[in-house]
Every structure is written in C-alpha cells, then in structure tokens.
Amino acid sequence: MTVDEMSSATDDSVQIRDIEPEDLPRMFQMQLDTESNRMAVTIPRSAEVFDSHWADALRDPTVTAKAILLDGALAGYVSCFPCEGRASVGYWISREHWGKGTATQALRLLLREVTTRPLNAHVATSNGASLRVLQKCGFVVEGVRMSPASDRYPACEEAILVLKE
Ligand SMILES: CC(C)(COP(=O)(O)OP(=O)(O)OC[C@H]1O[C@@H](n2cnc3c(N)ncnc32)[C@H](O)[C@@H]1OP(=O)(O)O)[C@@H](O)C(=O)NCCC(=O)NCCS
C-alpha cells in the first residue's frame, strides 16, 4: 500500500452529520483560507456576515447543511440550498484534507439524504477539482455563463451542472 493510499478517505472514514454551533468557529477559519477562496472564486465572509449567514441557514427548513467528519474530526461542510429556483449543492474541505476523496464521499452521502432531483451546482470553470467531484457524483454540465461580481463572488465564468436522477 502506498502512502497516498494510506491517507485516502475510505467509504467509512467519511461521515456527515448536522452542523452544531461548536463547528462554526472552525468553519469560519476554513472559509478564510486564501488558496481555497482562489480555487472556489469566492470572497470570504466577515465574522458578522458568516454568523448571520449560518444562523439563517441552520433554521431554514429548505437548507440541508452537514458537517463532514474525516476519521471523526471536522474536515469541512456540504450543503443543499435553494438557488435560482432549484435546489443546489455546495461544499468546502479544509485544505489539509484535499485530495483524499473526502468531498466526493461527503457529496455521495448527502445525495442519499437529499433525494430532490434535479439538483444543481454552480462552479467556476477554473475549479477543476470541484468539477471533477461533481462529475464523479453524476452531475453533468448543462451550461456555461459569465457570473457578475457580487459581495460574495468576483466576476468569473461559471458552469451550471445538473444531477437529473
Ligand atoms: C474542491 C474541493 C471541495 C475538493 O475536495 P477534495 O476532498 O480534495 O476532493 P476529492 O479528493 O473528493 O476529489 C478531487 C478530484 O479532483 C481531481 N483534481 C484535483 N485538482 C484538479 C484539477 N486542478 N483539475 C482537475 N481535477 C482535479 C482529483 O484528482 C480528484 O479526482 P480523482 O478522484 O478522479 O483523482 C476542495 O479542494 C475545496 O474545498 N476547495 C475550496 C472550496 C471549493 O472550491 N468548494 C467548491 C466550490 S463549487
């Protein structure tokens, strides 16, 4: 077994559970990471905006938000939320855990709990890793468009992917 194989997430090393208030400080730190924001083409939320965003999300019955545990420790989060009239998914993995299959396995677990279809995802076309995660989970590219700048996103080209079944 290679070192890479030993550090890869296995089916049962990744779990998802409801987000708890104690997870939020670590999640706040994850979303500040410069390299992660460059990859996702996002602008990190301030503490005030982050707290308000997650307070709203966690009491919104149309949002399913899960902490991702890797070998029992918080490694990221994955969620399903309404966006432009369709349920959409998003996820974020703490940088030290990239490349172990964690996002793919966590999204597969979410897709067992969230059975709504179709499901969308919006991804910067430069984010090859996220496109690959979605494609491994059965999403297909439905279109590409320019996304304008906002408080949360720099302007970028984004792909819209859909999971039909
Ligand atoms: C994108 C992200 C979620 C991926 O998480 P991860 O746990 O490393 O993903 P996985 O290990 O499950 O899968 C990554 C896949 O992308 C591939 N990959 C990595 N970098 C790539 C690149 N530049 N281009 C194409 N594929 C790439 C990996 O090889 C792997 O595919 P494989 O299993 O076929 O080898 C993680 O990097 C992250 O949180 N980034 C910052 C936030 C973000 O971008 N969120 C998504 C916003 S849409």
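**View 1. Helix H5, end to end.** Helix H5 covers residues 102-113. Its 12 residues should span 16 Å at 1.5 Å a residue, and its end C-alpha atoms are 17 Å apart, which agrees. The expected span of a helix is 1.5 Å times one less than its number of residues. Helices (H or I, at least four residues) and strands (E, at least two) are DSSP runs, numbered from the N terminus. This is a predicted model: local features need pLDDT of at least 70, side-chain atom pairs count only at pLDDT 80 or more, and totals for chains, interfaces and linings use all residues. Residues are numbered from 1 along each chain as its sequence is written.

**View 2. The buried side of H5.** Thr102, Ala103, Gln105, Ala106, Leu107 and Leu110 of H5 are buried. A residue is buried if 20 or more other C-beta atoms lie within 10 Å of its own, exposed if 12 or fewer, and partly exposed in between; C-beta atoms are placed from the backbone. The cover over these residues includes strands E1 (14-18), E2 (64-70), E3 (73-83) and E4, as well as helix H6. Cover is judged by contact: two residues are in contact if their C-beta atoms, placed from the backbone, lie within 7 Å.

**View 3. The shell around the ligand.** Around the ligand are 21 residues, and the closest are Ala40, Ala103, Thr104, Gly128 and Arg132. A residue is near a molecule or strand if its C-beta atom, placed from the backbone, lies within 6 Å of it. H3 (34-40), E4 (86-93), H5 (102-113) and H6 (128-136) each give the shell at least two residues. H6 gives the largest share, 5 residues. By type, the shell has 10 nonpolar, 9 polar and 2 charged residues. Ala, Val, Leu, Ile, Met, Phe, Trp, Tyr, Cys and Pro count as nonpolar, Asp, Glu, Lys and Arg as charged, and the others, Gly among them, as polar.

**View 4. Strands E5, E6 and E7.** E5 (residues 119-124) and E7 (residues 156-163) run antiparallel, joined by 6 bridges. Asn120 stands opposite Val162 of E7. E6 also pairs with E7 in the antiparallel sense, over 7 bridges. Two strands pair if DSSP finds at least two bridges between them. Ser147 has Cys156 in E7 as its bridge partner. Arg145 is in E6 (residues 140-147). Arg145 is exposed, with 11 other C-beta atoms within 10 Å.

View 5. Most residues other than glycine have a negative phi, and most peptide bonds are trans. Val41 has a positive phi, near 55 degrees. Val41 sits in the loop between H3 and helix H4 (47-59). It is partly exposed, with 19 C-beta neighbours inside 10 Å. Glu84 is not a glycine, yet its phi is positive, about 55 degrees. Glu84 lies in the loop between E3 and E4. It is exposed, with 8 C-beta neighbours inside 10 Å. A cis peptide bond joins Arg117 and Pro118, with omega about 0 degrees. Pro118 is in the loop between H5 and E5.

**View 6. Back to the protein chain.** The protein chain has 6 helices and 7 strands. Along the sequence, the pattern is α-β-α-α-α-β-β-β-α-β-α-β-β. Buried residues make up 25% of its 165 residues. Its C-alpha trace spans about 45 × 35 × 30 Å along its principal axes.
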